[in-house]
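Here is a briefing on one protein model. Please load the sequence and the coordinates before reading on.

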Amino acid sequence: MTIRVAVIEDQKDTREMLAVLINGNDGYECVATYEHAEDAIKGIPDLEPDVVLADIHLPGLSGTESVKKLKTLCPEIQFIMCTSLEDTDNIFNALQAGATGYITKSTTPAKIIEAIADAYSGGSPMSSQIARKVITFFQKNTEKVNKELDKLSAREQEILEYLSKGYRYKEIAAMLFINIETVRKHIHNIYDKLQVNSRTDALNKVYPKN
């Protein structure tokens, strides 16, 4: 079985190198290359490649935006970002847009082919430095969450978790078999300990999004 690959890359030398690399390996075929994301969005749905390698920094629409649009049109396609950008914002924006892999342009040719095969087989290939950034991000946020939660009693943590799920005071009181005034008192204590003034501020402090 041949893995069909498309490339979205504005740099001509890199675009041609990737095409030659893909076509030079048995079991792989580069079915199309695109300089602009807009052209890729028009062409890829008809070609239905198995995997798409996409740069992020493109003229016009970004690679991340193109993946977001194409993933909606072609959910079965696997997208790998192949870029020189290594900051966490770009990494997570791309993954949230629908990319299943993220590799850097410094990745060796053999590793690029391996990443394509991995994505095709259901994996999520990442360059080692990208994987380290992802792990560090979650470790830092976990440490921050734990530090804030340690300020609260077990009951207060329980009530905050219910708040995070959207429950109202009355519903929380019923589930915990306490009266609503007790819930209000606990929430007042939560706000005081976290030094916040609202439910939203409390949740953002304990469960940060970034």
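Which residues of β4 are buried on one side, and which on the other? Gln78, Ile80 and Cys82 are buried on one side, and Phe79, Met81 and Thr83 on the other. This is a predicted model, in which local features need pLDDT of at least 70, side-chain atom pairs count only at pLDDT 80 or more, and totals for chains, interfaces and linings use all residues. Residues are numbered from 1 along each chain as its sequence is written, and side-chain values use heavy atoms, with hydrogens and water left out.

**Confidence**
- The protein averages a pLDDT of 88, and 94% of the residues score at least 70. pLDDT is the predictor's confidence in each residue, from 0 to 100.
- Among the elements, β1 has the highest mean pLDDT (98). Helix α6 (residues 128–149) has the lowest, at 72.
- Where pLDDT is low, predicted coordinates should not be read in detail.

**The sheet**
- Five strands form an open sheet in the order β2-β1-β3-β4-β5, with parallel pairing. Helices (H or I, at least four residues) and strands (E, at least two) are DSSP runs, numbered from the N terminus. Two strands pair if DSSP finds at least two bridges between them.
- β2 (28–34) and β5 (101–104) are the edge strands; each has a single partner strand, so one side of each lacks a neighbour in the sheet.
- On average, neighbouring strands of this sheet are turned by 25° against each other, direction ignored. Axes here are lines fitted to C-alpha atoms, for helices over the stretch in contact, and angles run from 0 to 180 degrees between N-to-C directions.
- Strand β1 (residues 3–8) runs parallel to β2, joined by six bridges. Arg4 stands opposite Glu29 in β2.
- Strand β3 (residues 51–54) is joined to β4 by four bridges, and the two run parallel. Val52 has Phe79 in β4 as its bridge partner.

- Six of the six residues of β4 (residues 78–83) are buried, so the strand is largely enclosed by the rest of the structure. Buried means under 20% relative accessible area, exposed over 50%, and partly exposed in between (1.4 Å probe, protein chains only).
- In a regular strand, side chains alternate between the two faces of the sheet.
- Met81 lies in β4 and has a relative accessible area of 0%.
- Beyond residues up to four places away in sequence, Met81 touches residues including Ala54, Val67, Ala94 and Tyr102. Contact means heavy atoms within 4.5 Å.
- Met81 and His36 are 45 residues apart in sequence and 15 Å apart in space, C-alpha to C-alpha.

**Ala119**
- Ala119 belongs to helix α5 (residues 109–120). Ala119 is buried, at 0% relative accessible area.
- Not counting residues up to four places away in sequence, Ala119 touches Gln78, Ile80, Thr100 and Pro125.

**Helices α8 and α9**
- Helix α8 (residues 169–176) packs against helix α9 (residues 180–194) at about 110°, with the axes 8 Å apart.
- The two helices are therefore roughly perpendicular. Angles under 35 degrees count as roughly parallel, over 145 as roughly antiparallel, 65 to 115 as roughly perpendicular and the rest as oblique.
- Tyr169, Lys170, Ile172 and Ala173 in α8 meet Ile180, Val183, Arg184, Ile187 and Tyr191 in α9.
- His186 sits in α9 and is buried, with a relative accessible area of 18%. Leaving aside neighbours within four places in sequence, His186 contacts Arg155, Glu156, Ile159 and Ile178.
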